[in-house]
Amino acid sequence: MTTVSEALRIAVGLHQGNRLAEAADIYRKIIQAAPEVADAWHLLGVLHHQSGEHAEAVRLIGEAIRRDPLCAAYRDNLGSALRAATQADRAAGQHRAAMALDPAWVKPFGNLAGALTDLGDGAGAAEALRRALRLAPDTESFLRRLGDCLYAQDRTAEAEAQYRRLDALQPGRPDCLYRLGLCRLAASRVMGVALAAAGRLVDRAALGEAIAAFGRAADGGHGDACRNLFGTAVVAVQTGVMDDALLERVAAAARRRLMAEPRDSVALSVVCYALYRRQRLALAERYFRKFARHWTAEDIAADFEMLLWSMVRGGPAFFEALAAEPPACFARAARRMPVAAKSDGRPILLVGCDGDYWRRFGAGFLETWQDKAASCVLHVHVVNPPADVEAELIRLAGGGLPLSVSFEAVDLSALPEPVRLTYYASARFAVTQQLLRAGAGPVIQIDVDALLLADPGLAMAAWPSWDVAVMQDRRGRGPTRDFLAGFLAFNRTPAAQRYLDLVVAYIGRHFDEGRAFWGLDQAAPYCTHDHLVRSGGAPALIRFDFEAFPFLHFLEK
């Protein structure tokens, strides 16, 4: 005849062998024959917990505790069942009871950390894991969990210390390297830093260490590390804190990635940014288009980086086609100039926007113009002006101010909001073209939502033999962020007008083909200048550094 102890041993063997139905049958028979045997209630409860039947597990383990309230294992496993039943508060109480019954047993400390995490008590969870590590130093799972717990609380320096301990135990583990990369990335402060403060606040050494850690983890097959490697590089480029040597190293990894996954748009962007930094814009365009063929127009429209690079053109064939078949975009607009600019040689400040933007910023701009730029006349161009805005501007122009105005009516209803905004910013190039052809100017295009700090018209006298003046971001942030459209001046010279004609055609072609997006008004001037440098005929350029720009203060919007 089989004893209870023997039956229990057989059931446990079946349980451990994953023969759960047979084990459960024996546990039930033991309970029926000897209901005082707490282990049978407990183990049957554990089996139900493992099978996803958490409420029944709680009941059965509770019966075991009723028979033996001083067993730490019963309390701890009841806590696990309660946590699975989404009763984390009761679970934490049971894990604490297990810890009190057996303070040297490490398992309840780790389980308590899980319950406290569910309750949102990150500090309590971290303390429980620290106590677990005091009992079992260098336990990999506890080190990793403590690091993750601290990282989730933005205690990244403390998290990094745990990951470094873990890396010392098993050097080069991809999951650990990835976590170290996240901590170094947080230490760099590159994510979310304001552009104007990036050069001062970003820790470039930490940024390089993050990228190196992501790269090593990616080489080990860690998928998230691969994405973070290229994503971090793109953010660093866009923030203006990526040095050329580091970008080249990431670009080499990106080329390898594209051989395996040609639709990785972020890896593709990294390679294109590296080529742009090397002044190889035409090659960047060809490289982009080689891989963009794997994408539909809808795919590109849904991917910000792909949209930006789809507007970058550097090959001579594109510019030759612009001359052979001029775009129709701006010709379709019904443009009129009820108060024309005078051809008296005075510099013209040109602002262009829609009616809503003029209502928001127009009064402030008129004030800053009259206060700071007395040498310049002003031309205001409004796309689809509301009647009140048009009437106000005509009244101002007839009231003695050196002000000319133009308006245009164009149907933009089919365009999404970012593309409409791009049209408002781009239309001023066509107006500048019209003004220069009429003999007016020089023309200085500036943003209406900016305040003047000094008079650019007076400064022109000191610009030697210039054709075009640009505000340039010299941090190498990409061809859509290099020449900044907030300030762009065109002299009354043949070279400036040839350059401007190509810029207007460049913009118009993208609108004609439905490929215009945010940044087109900056991509066109930069890419056109790059083309003319390589093909001959580039205008004489005056460059002003955006970070020390003397003429404008740009408002927070």
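Mentor: Start with a definition: a residue is exposed when its relative accessible area is over 50%, and buried when it is under 20%. Keep in mind that this is a predicted model.

Trainee: Okay. Which residues of α20 are exposed, on the face turned away from its buried side?

Mentor: That face carries A317, E320, A323 and A324.

Trainee: And which ones are buried in α20?

Mentor: F318, F319 and L322. The helix itself covers residues 316-324. Looking down the axis of α20, the buried residues fall within an arc of 95 degrees, so they line one face.

Trainee: What do those buried residues pack against?

Mentor: Two helices: α26 (494-512) and α27 (520-535).

Trainee: New topic. How many residues are in the largest nonpolar core?

Mentor: It has 100. F230, M242, V270 and Y423 have the most contacts inside it. Helix α26 gives the most to this core, 10 residues.

Trainee: Which domains does that core draw on?

Mentor: At least three residues come from each of domain 2 (175-312) and domain 3 (330-554).

Trainee: Back to M242. What is it in contact with, leaving aside neighbours within four places in sequence?

Mentor: Its partners are R204, I211, A233, A236, V237, L247, V250 and R277. There is also a second, separate core of 55 residues, including A24, I31, A64 and I65.

Trainee: Where's domain 1, and how far apart are the C-alpha centres of domain 1 and domain 2?

Mentor: The domain assignment puts domain 1 at 4-134. The two centres lie 47 Å apart.

Note on methods. Residues numbered from 1 in each chain as written. Predicted model: local features only at pLDDT ≥ 70, side-chain atom pairs only at ≥ 80, totals over all residues. Heavy atoms only, no water. Domains from an automatic or database assignment. Buried < 20%, exposed > 50% of the residue type's maximum accessible area, 1.4 Å probe, protein only. Helix = DSSP H or I, 4+ residues; strand = E, 2+ residues; numbered from the N terminus. Arc of directions from axis to C-beta. Contact = heavy atoms within 4.5 Å. Core = buried A, V, L, I, M, F, W, Y, C linked by side-chain atoms within 4.5 Å.
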